[in-house]
Amino acid sequence: MDIQSTADLLDFCERENKTIAEAMIEQERVKSGKSKQEIFNMMKERLMKMQHAVEEGLDDASEAPSGISGGDAVKMKAYIEAGDVLSGSIISDAMACSMATSESNARMGVIVATPTAGAAGILPGVLFSLHKNTEMELDDLVMGLFTASMLGYIIANRSFISGAAGGCQAEVGSATAMAAGTIVELKGGSPKQAVHATAMAMKSLLGLVCDPVAGLVEVPCIKRNVIGTSIAFSSADMALAGVESRIPCDEVIDTMYDIGKNMPRPLKETALGGLAITPTGQKVKERLFSKTGLVNRLGGGKHDEPHNNGNGTSRTEKAEVGNR
């Protein structure tokens, strides 16, 4: 069993009458030799860490050590509780949970990289919003993580999942696509519908550059995670309504790879282009790397500049999405 494309995945699911999540568990069982229960329990540990990051972020109004993020999740929570949100509870809660996770990452908290730390807010955002606003239990969310893992595994093996390799389309784009397919399956949609949602979400973010201010996974990354949750729900709703991607999902993923290969280096997480070199972005960088700046605040000083290699700035635990 070696699924390398969404076409392979749909063939397997149809032939074996399994969901995408069940296909992921079966593939992991074959490769690792672990029992299904062991694999489930390991994934549930990841979900619990996600939940902790969300809860911590929603109650912590402090700034990150960089001083360029922090406290926005608390504002979103208060806004939602005031009861006059424009986008409804399921999307607004996803936005808040996503922001909480990304802010926890910026504060060096423990998060689960799905597929990277820079895009770690999207899946927890959609999952814990579904948990809050529907009848879904935590064990349902664990199965959702298996759905996301299989979709991420295919993306990682066909294309990129890091901003340094393929731009933000590879990070936020991949995470949003994984989340869209996950929502569909959790809502009872078919594997085919989940794959269409994956394609539609990824298409929406093709070409997105990776331009972190001062090289940190905070600006504009945190808000891109938040927006990713909205795209994921929109794509899932279209797929559940029967709308299909005119371009097959595998071709969309391959297109992301081609765009990433041709993307200029300044737009691939080097902080040499895009928003990173705006006048404000440059001022932030100068402030952070002054003698009294970020390095000293973090208690470091071994390196001239922190460098984000796509795994973010915090301690992370990766979901099992495979590598190219």
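Let's start with Pro 115, which sits in the loop between β1 (111-113) and α6 (122-133). Keep in mind that this is a predicted model. The bond joining Thr 114 to Pro 115 is a cis peptide bond, with omega at about 0°. A cis peptide bond also joins Val 219 and Pro 220, with omega at about 10°. Pro 220 is in a loop too, between α10 (191-203) and α11 (221-240). Why point these out? Most peptide bonds are trans, and most residues other than glycine have a negative phi.

Met 108 isn't a glycine, yet it has a positive phi of about 70°. You'll find Met 108 in the loop between α5 (88-106) and β1. Ala 271 isn't a glycine either, and its phi is positive at about 60°. Its loop runs between α12 and α13 (279-288).

Now step back to the whole chain. It has 14 helices and two strands. Of its 324 residues, 53% are buried. Take the contacts with a separation of 6 or more: 76% of them are between residues 24 or more positions apart.

Leaving out neighbours within four places in sequence, Leu 9 touches Ile 3, Ile 20, Ala 23, Met 150, Leu 151, Ile 154 and Val 195.

How do α3 (residues 36-59) and α7 (residues 138-158) pack? Their axes are 9 Å apart, at an angle of about 100°. An angle from 65 to 115 degrees counts as roughly perpendicular, so α3 and α7 are roughly perpendicular to each other. On the α3 side, the contact includes Ile 39, Phe 40 and Met 43, while α7 brings in residues including Leu 141, Val 142 and Phe 146. Sorted by class, this contact has 12 nonpolar, two polar and two charged residues.

Gln 27, in helix α2 (residues 20-32), is buried. Beyond its neighbours within four places in sequence, Gln 27 is in contact with Met 1, Asp 2, Ile 3, Met 150 and Tyr 153. Asp 250, in helix α12 (residues 249-262), is buried. Leaving aside neighbours within four places, its contacts are Ser 5, Thr 6, Ala 7 and Arg 158. Asp 250 and Ile 155 are 95 residues apart along the chain, and their C-alpha atoms are separated by 8.6 Å. From Tyr 257 to Gln 169 is 88 residues in sequence and 9.5 Å in space, C-alpha to C-alpha.

Here are some accessibility values side by side.

| Residue | Relative accessible area | Class |
|---|---|---|
| Gln 27 | 2% | buried |
| Cys 13 | 5% | buried |
| Cys 249 | 5% | buried |
| Ala 271 | 8% | buried |
| Asp 250 | 12% | buried |
| Tyr 257 | 21% | partly exposed |
| Met 108 | 28% | partly exposed |

How many disulfides are there? A disulfide is a covalent bond between the sulfur atoms of two cysteines. The count comes to zero.

Notes
Residues numbered from 1 in each chain as written. Predicted model: local features only at pLDDT ≥ 70, side-chain atom pairs only at ≥ 80, totals over all residues. Heavy atoms only, no water. Axes fitted to C-alpha atoms, helices over the stretch in contact; angles between N-to-C directions. Helix = DSSP H or I, 4+ residues; strand = E, 2+ residues; numbered from the N terminus. Parallel < 35°, antiparallel > 145°, perpendicular 65-115°, else oblique. Contact = heavy atoms within 4.5 Å. Nonpolar A, V, L, I, M, F, W, Y, C, P; charged D, E, K, R; others polar. Disulfide = S-S within 2.5 Å. Buried < 20%, exposed > 50% of the residue type's maximum accessible area, 1.4 Å probe, protein only.
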